[in-house]
Amino acid sequence: MQDIDSKNNWPYYARRVVQYLSFSLFIYLLLFLDPLTERDFSANIFLRMSPLSAIGAMMAAKTFISKYWPAIVILLLTIPFGRFFCAWVCPLGTTIDITDRFFTGFRMRSHKNIYDGRKLKYYLLAFLLLSLLFSQQYVGWFDPLSIATSAYTVSIHPYLIHLINCFFGYFSAIPFIGYFFVLIQKFIHSILFAYHAPFFRAHGILLFIFVSLIAFGMVFRRYWCRNICPMGAIFALFSDWALFKRSVSSSCTSCGLCVENCGMGAIGNDGRSTKEGECILCMTCQKVCPENSITFGIKQPVDQRYSIDLSKRAFIISGLTSAAVAPLLKLNYMKITNKGKASIIRPPGAVDEEEFLALCIRCGECMKVCKTNGLHPALMEAGIEGLWTPKLIPRLGYCDYGCVLCTRVCPSGAIRRLELEEKREVALGKARIDHNRCIPWVGYARLPELEKNWQDFNCGVCEEVCPVPTKAIHFNTYVDAQQREIRRPFVREDVCIGCGFCEKVCPVLGTSAIVVEGIQPQTKIKLQKDLLVNNFLPETIGEWRRVLGPNIYEGKEKLYEYIDGGAEPYLSYSFIRVSHAEYLKETGKRILIDIWEFNCPEDAFGIFSKDRAGTEINLGNGSALFNNYLCLWNDTYFIRIEPKEGGVLPDEITFVGKSIIDLMPYKKASQPSIMSYLPQQYLVHESPVFFHKKIILDSIYISENFIEENVFRLSEKTDAVIAEYRLKDNANSLKLMLIKYPDNNAARLAFGDIVKLWRAWSEKESVSGMIQIFQDKTPRYTACLVEKNIIGMAFLAVSKEDEEMLLKLVLEKLRQQEKAMALKPGTYKLTASSGKLFIYTFKEGSLSAVAHDLLIEGTNFTVNLNVPDTSPSSTSVETEIQANSLKVICAMKDGQRQLETLKEKDKTDIEEATKDVLHPNKYATINFRSTSIQGNGNIYHVKGELTLHGVMRPIEFDVTTTNGKDLKGKVTVSQKEFGIKPYKALLGTLKVKNEVDISFDLALS
């Protein structure tokens, strides 16, 4: 007998190294699937190595799928190396190898009276392939790579995270050493990419199946690989052509060591023969052979081959079974109930339902990368054939508007790859509102009996969170005789993408009042430029029927086609498009409707101010009715409705205008900030015109002389307004123009040009303080002044005193505005050393009496405040709070601190629970950026955008200051608006209110 240590065992150890490296790579790709996919790395490479899935997907699609090139490579390598994949690469095989070691004692005591005939996998393979001919895809249920991916994704990884959290959550409460356990826990979270513990429904079912599969190891090693694995059957069939096969020399003593150690049971009892297709080149027999009798080479003696006797009758039975079972598995009660339509929501990019069921290999990768944990395995909703395919459950998690990860990980093509812009146009389903559960609709039904609390029924959470830019959820506002306003939501199905965000955050307990139903096939919503057509210019408006258009004119060139020669004034604002339509009534009356869209509400107001005439009728953000001509301003839209023929009445025009406004999103818009500088005394209301460029001013009479050059230096960067004033009844009016420049220097340069021009035209010039006054030959007076970055000019006055008085009112207004900005100009950087930032949470639920309101402090934040000297109204603020810096201070009761109520362990537990809600490792910062700050004395009204939990939403709040020395304020945040599920325990009998208060008190230095 040769010395065992002197043997050449490198093939065995090479196999072990490759096997565990492959398994480590498999686990790494699973754990970090999200970030790798975001970088467009092919992290699904293992799933694309499966010949079984490749054959299934290609037969189902009836086409070649190039993404499965790794599977083709594996099959080609099987020809020279045989069934090597099972021992060298397969992650399920490696998992079974590892777990089989724990069952060694059980196997020694077992009677091994369970089936081990090796034929079942071939019959199962035949069943699966024949089922594909009947358009039935069951390959994914039995593919070892799909099973391993699904088991680790849906069950093992989440369970492991939960166990780690429980273990370290317990030990982190131990004094002195608890801090180190927290550090260890964070480190483990980072290496497991476990920023939050995911949850998948039916995880227990898959775990049970996986454990059962593993448990066969108590009877035979690699039982799955021997008898069940259909992919193993494919490799076995290809192994007949293998170049490397096991061969035993005459020095074999039939000691039985190879038989005992063969994990596949592929060696006959004599130690010489090898069962065909069962050897997986694990090299174990070669390593344990004391005589070095075993080699792997090209030649294998015929007498050492032991073939598996497959039954033709069994194959026929498999085919008949497939033919009989396929129709039964297609039975789908839910589909019959829905009249042949699938009601479940598939991931974005999913192909048509029949093709999807045929292509999906049930691997679970799309569920793993879903950012909101909204994708879960289907049970019987799509029938037996749809078992374990992915479906979106909005109440658990919505489809993130900015995420395309699930479209990039599908190995089989069941989910098409989509770019972000394309994905945002795909409708997964359509939302439907249950009027019997929706808070505003219930309030509307009960409005006659409601008294003081009627405002509580104006819930708008679904509209606020809707990610579609033009909102798929709008409000229809009802006002009763007592002026009580109820905003009833409704869904614009043509723009609804079915993401489920509205259903996720709906505050109604239990089943949501707004439910998303899946649609098949997935459709595309109309492009942005088509929204005017389908949303705001419907086929009918009451008795009016659309007979012409809508015609859309987008961009500069198209606008010239529509109004050649008159397009420039509209292009001087941020014009996007105009939609034109003609409507007819049966009585022969015709009207024309134009809907103009601009980049911002201020520019839409500018066009409205330019074109309006008549009286306000309280529609939209602004309205003007002149006889039977109607102009409307609503957010970024300007609407013009005018009669064409048939004696259209003002009431008819008003009805059409109101109908269009009701179709638009409910949103209040503010006039441009420069409007606030206009003195209200003597102002002719509805006369102000807001503009940017000289072309608008050219059509307004301000002087006997035509102003050829752009002496005012007007551009898209300037805001200007011109208004009419009448200082005395029956007196001639004069005009006041204010121009706001980007900075003081630009204002000074323009002022110099203006003075130079008017000096050339004037007979006399005088100065009154800051005001320069020019008199022409008429005589008429023009006065002007410059205050920082604002120029004010008064035109056409018949007396110098009138212009001087008007500009003094302007100057007073400007200085009041400046004084109102109590903050001193400068740049401020505020941190936790500058003061306190507190978060208040409030308890609710039937067991709230035993709980506490909480005071939480943000201990790591930065506030960057910029107060420019040139334009105080351009003050801006940006804030960043580290989400993991929230520390519990104490309990609160009736607004008072209860310092002794909570122990340190209680505080630590609450902080950990907070992390489970905010997921700070995934959403590391909470950010705020202001968009508008208006000052009035020591009070500032701040508008801006808050980004929390990866979701950005507009908010506004007030800030007070004590003579510019500090900043104090409070803002209330709705957790559900940001996709956060408020913490709850004990089946919801104890929970945190949806509304959370954030307050701050910071010193300026």
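Analyst: Angles of 65 to 115 degrees between axes count as roughly perpendicular. The model is predicted. In it, helix α8 (residues 120–133) and helix α14 (residues 230–238) have axes that cross at roughly 105 degrees and come within 8 Å. The two helices, α8 and α14, are therefore roughly perpendicular to each other. On the α8 side the contact is made by K121, Y122, L124, L125 and L128, and on the α14 side by P230, G232, A233, I234, A236 and L237.

Next, helix α12. Helix α12 covers residues 203–215, and its 13 residues should span 18 Å at 1.5 Å a residue; the end C-alpha atoms are 18 Å apart, in agreement with that value. L206, F210, L213 and I214 are the buried residues of α12. Viewed down the axis of α12, these buried residues fall within an arc of 100 degrees, so they line one face of the helix. An α-helix has 3.6 residues a turn, so residues three or four places apart point the same way. The buried residues of α12 pack against α6 (91–100), α10 (144–171) and α13 (223–228).

Last, the loop residue. K589 sits in the loop between β13 (575–584) and β14 (590–598). Buried means under 20% relative accessible area, and K589, at 15%, is therefore buried. Its side chain is joined to that of E652 by a polar contact of 3.0 Å. Leaving aside residues up to four places away in sequence, K589 touches W544, Y583, L584, E645, G646, G647, V648, L649 and E652.

Definitions and conventions: Residues are numbered from 1 along each chain as its sequence is written. This is a predicted model: local features need pLDDT of at least 70, side-chain atom pairs count only at pLDDT 80 or more; totals for chains, interfaces and linings use all residues. Side-chain values use heavy atoms; hydrogens and water are left out. Helices (H or I, at least four residues) and strands (E, at least two) are DSSP runs, numbered from the N terminus. Buried means under 20% relative accessible area, exposed over 50%, partly exposed in between (1.4 Å probe, protein chains only). A polar contact is a pair of N or O atoms within 3.5 Å; within protein, one must be able to donate a hydrogen and the other to accept it, and residues adjacent in sequence count only if both atoms are side-chain atoms. Contact means heavy atoms within 4.5 Å. The expected span of a helix is 1.5 Å times one less than its number of residues. The arc is that of the directions from the helix axis to the C-beta atoms. Axes are lines fitted to C-alpha atoms, for helices over the stretch in contact, and angles run from 0 to 180 degrees between N-to-C directions. Angles under 35 degrees count as roughly parallel, over 145 as roughly antiparallel, 65 to 115 as roughly perpendicular and the rest as oblique.
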